[in-house]
Amino acid sequence: MNKTTTENMTEKPSLWIFGYGSLVWKPDFTFKKRKVGYIQGYKRRFWHGDIFHRGDEDMPGRVVTLVEDKDACTWGVAYEVNGSEIEECLKYLNMRETALGGYITKAVEFFPREEGHLPHLALVYIATCDNPIYLGPASPEEIAAQIAICRGKTGHNIEYLLRLVEFMRFYCPEVEDEHLFAIEAAILSLMPYLLGSKQAMAAIVTA
């Protein structure tokens, strides 16, 4: 048996997970590698409801999902999970994204930002319009107004938005995410009113 055959037999299987929402800053599973990059044919939109992490049943928060658009691309992070850790990772994500969030899984082609790295398949979680907590399209101002008053077990909905903005500005400064930045601008315009409310201010500070 040659060396190449031996290496192939002992090589651990791997799975790539692509995150475009809270997974970009809070994966909460063990991974081997992390790559910033993008997928094509989808646009990121704050069209999905959240009644656990960033909202509740009375006041659903707004979180992102992917909507098919052949001319669009969405930037995020892909994580490589190896061997025995794959089962634990999927078990965790199926609870976090599927059971609590209502997302389904798809295999997509991921394009790493780093030069010399070839595209490869990755698993992504997507919420579709047939989901009972799917909220659908709304103007940036309407979405911002909803985000401004919602919080869930993980924290305030504003924190979710601002962390995603922070990721894009730090890791993808040349990318103009019009939808995301329009909602950020709408939130900032509401800040004087939010800070005028002690209750709202305390909720944001402790998010």
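# Briefing on a predicted single-chain model

The count of disulfides (pairs of cysteine sulfur atoms within 2.5 Å) comes to 0. This is a predicted model in which local features need pLDDT of at least 70 and side-chain atom pairs count only at pLDDT 80 or more, while totals for chains, interfaces and linings use all residues. Residues are numbered from 1 along each chain as its sequence is written, and side-chain values use heavy atoms, with hydrogens and water left out.

**Overall architecture**

- The protein chain contains 6 helices and 5 strands, taken as DSSP runs numbered from the N terminus (helices: H or I, at least four residues; strands: E, at least two).
- Along the sequence, these elements follow the pattern α-β-β-β-α-β-β-α-α-α-α.
- The chain has 207 residues, of which 47% count as buried; buried means under 20% relative accessible area, exposed over 50%, and partly exposed in between (1.4 Å probe, protein chains only).
- Among contacts with a separation of 6 or more, 75% link residues 24 or more positions apart, a contact being heavy atoms within 4.5 Å.

**Strand pairing**

- Strand β4 (residues 104-112) pairs with strand β2 (residues 33-50) in the antiparallel sense over 3 bridges; two strands pair if DSSP finds at least two bridges between them.

**Largest pocket**

- A pocket is defined on a 1 Å grid over the protein atoms alone, as an open set of points where a 1.4 Å probe fits, with protein on both sides within 12 Å along at least five of seven lines; lining residues have an atom within 4 Å of a point.
- The largest pocket has a volume of about 360 Å³, where volume is the space filled by probe spheres set on grid points joined across faces, edges and corners.
- Its lining comprises 25 residues, and Ser 22, His 53, Arg 96, Glu 97 and Tyr 160 lie nearest the centre.
- At least two lining residues come from each of β1 (14-19), β2, β3 (61-82) and α2 (85-99).
- The lining divides into 11 nonpolar, 8 polar and 6 charged residues; Ala, Val, Leu, Ile, Met, Phe, Trp, Tyr, Cys and Pro count as nonpolar, Asp, Glu, Lys and Arg as charged, and the others, Gly among them, as polar.

**Second largest pocket**

- The second largest pocket holds about 270 Å³ of space.
- Of the 15 residues lining the second largest pocket, Lys 43, Arg 45, Cys 73, Glu 176 and Asp 177 lie nearest its centre.
- Two or more residues of this lining come from each of β2, β3 and α5 (178-195), and β3 gives the largest share, 6 residues.
- By class, the lining of the second largest pocket has 5 nonpolar, 2 polar and 8 charged residues.

**Individual residues**

- Asp 28 lies in the loop between β1 and β2 and has a positive phi, near 60°.
- Most residues other than glycine have a negative phi.
- Asp 28 is partly exposed, at 44% relative accessible area.
- Glu 184, in helix α5, is buried at 12% relative accessibility.
- Beyond its neighbours within four places in sequence, Glu 184 is in contact with Leu 161, Val 165 and Arg 169.
- Cys 89 is buried, at 2% relative accessibility, whereas Cys 129 is exposed, at 65%.
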